[in-house]
Amino acid sequence: LDAMPLYLHCELRLARLRLDACEVAEAEALLRTAEARMSRCMHLLPWLYVQHCILKLQWRRITYHVGVARASPAADAPNELLYRDPKAFADGRCPPSHSPLFRTFLGRGGSPPPPPPPPQR
């Protein structure tokens, strides 16, 4: 547990080497495991978080430059394409707060419009 920040540092260094070699898939896997490891680190230095963000931005730029970036779905695409989390719409409501799509749903979603008033007689 004490060596986790050191392991994270080594993982980020390896991800940087993979990005320098344009090995995009391997770098993505390393960055994903590093992101999961950061949530479990007890004494995470802010510098390591900044390095992770920098590497993630470099990875994004390289994927667009090489042409392997994933295309975003259109704004009018169905919810299955916009929110690819199986838990997102399981009950037809807002995704649970522990879902990674909760913030996205709050940003894009909204409350339904109020019902029209009853007709006057």
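Is Ser39 buried or exposed? Ser39 is exposed, at a relative accessible area of 62%; here buried means under 20% relative accessible area, exposed means over 50%, and partly exposed is anything in between (1.4 Å probe, protein chains only). Ser39 sits in helix α2, and a polar atom of its side chain lies 2.7 Å from the backbone oxygen of Ala36.

Before going further, a word on the ground rules. This is a predicted model, where local features need pLDDT of at least 70 and side-chain atom pairs count only at pLDDT 80 or more, while totals for chains, interfaces and linings use all residues. Residues are numbered from 1 along each chain as its sequence is written, and side-chain values use heavy atoms, with hydrogens and water left out.

**The overall picture**

The protein chain has five helices and zero strands, so the order from the N terminus is simply α-α-α-α-α; helices (H or I, at least four residues) and strands (E, at least two) are DSSP runs, numbered from the N terminus. Of its 121 residues, 26% count as buried. The accessible surface comes to about 9400 Å², and carbon and sulfur atoms hold 59% of that; the areas come from the Shrake-Rupley method with a 1.4 Å probe, and for residues only the protein chains shown count as cover. If you take the contacts (heavy atoms within 4.5 Å) with a separation of 6 or more, 47% of them join residues 24 or more positions apart.

**Helix α1**

Let's start with α1, which covers residues 4-20. Buried in α1 are Met4, Pro5, Leu8, Glu11, Leu12, Ala15 and Leu19. Seen down the axis, they fall within an arc of 115°, so they line one face of the helix; the arc is that of the directions from the helix axis to the C-beta atoms. An α-helix has 3.6 residues a turn, so residues three or four places apart point the same way. The face turned away from that buried side carries Leu6, Arg13, Leu17 and Asp20, which are exposed. The buried residues of α1 pack against α2 and α3. After α1 comes Cys22, with a positive phi near 60°.

What does the side chain of Glu11 make a polar contact with? Its partner is the side chain of Thr33, at 3.2 Å; a polar contact is a pair of N or O atoms within 3.5 Å, and within protein one must be able to donate a hydrogen and the other to accept it, with residues adjacent in sequence counting only if both atoms are side-chain atoms. Leaving out residues up to four places away in sequence, Glu11 touches Leu30, Thr33, Ala34 and Arg37.

**Helix α3**

Helix α3 runs over residues 46-66, and its 21 residues should span 30 Å, which agrees with end C-alpha atoms that are 30 Å apart. Leu48, Gln51, His52, Leu55, Trp59, Ile62 and Thr63 are the buried residues here. They cover an arc of only 110° around the axis, which puts them on the same side of α3. On the other side, Pro46, Arg61, Tyr64 and His65 are exposed. The buried residues of α3 pack against α1 and α2 (24-40). Just past the helix, Gly67 takes a positive phi of about 95°.

Not counting residues up to four places away in sequence, Gln51 touches Leu12 and Arg16. Trp47 is also in α3, and its C-alpha atom is separated by 9.9 Å from that of His9, 38 residues apart along the chain.

**Accessibility of selected residues**

Here are some relative accessible areas side by side.

| Residue | Relative accessible area | Class |
|---|---|---|
| Glu11 | 9% | buried |
| Gln51 | 16% | buried |
| Cys53 | 31% | partly exposed |
| Cys10 | 44% | partly exposed |
| Trp47 | 44% | partly exposed |

As for the cysteines, how many disulfides are there? The count comes to zero, where a disulfide is a pair of cysteine sulfur atoms within 2.5 Å.

Notes:
The expected span of a helix is 1.5 Å times one less than its number of residues.
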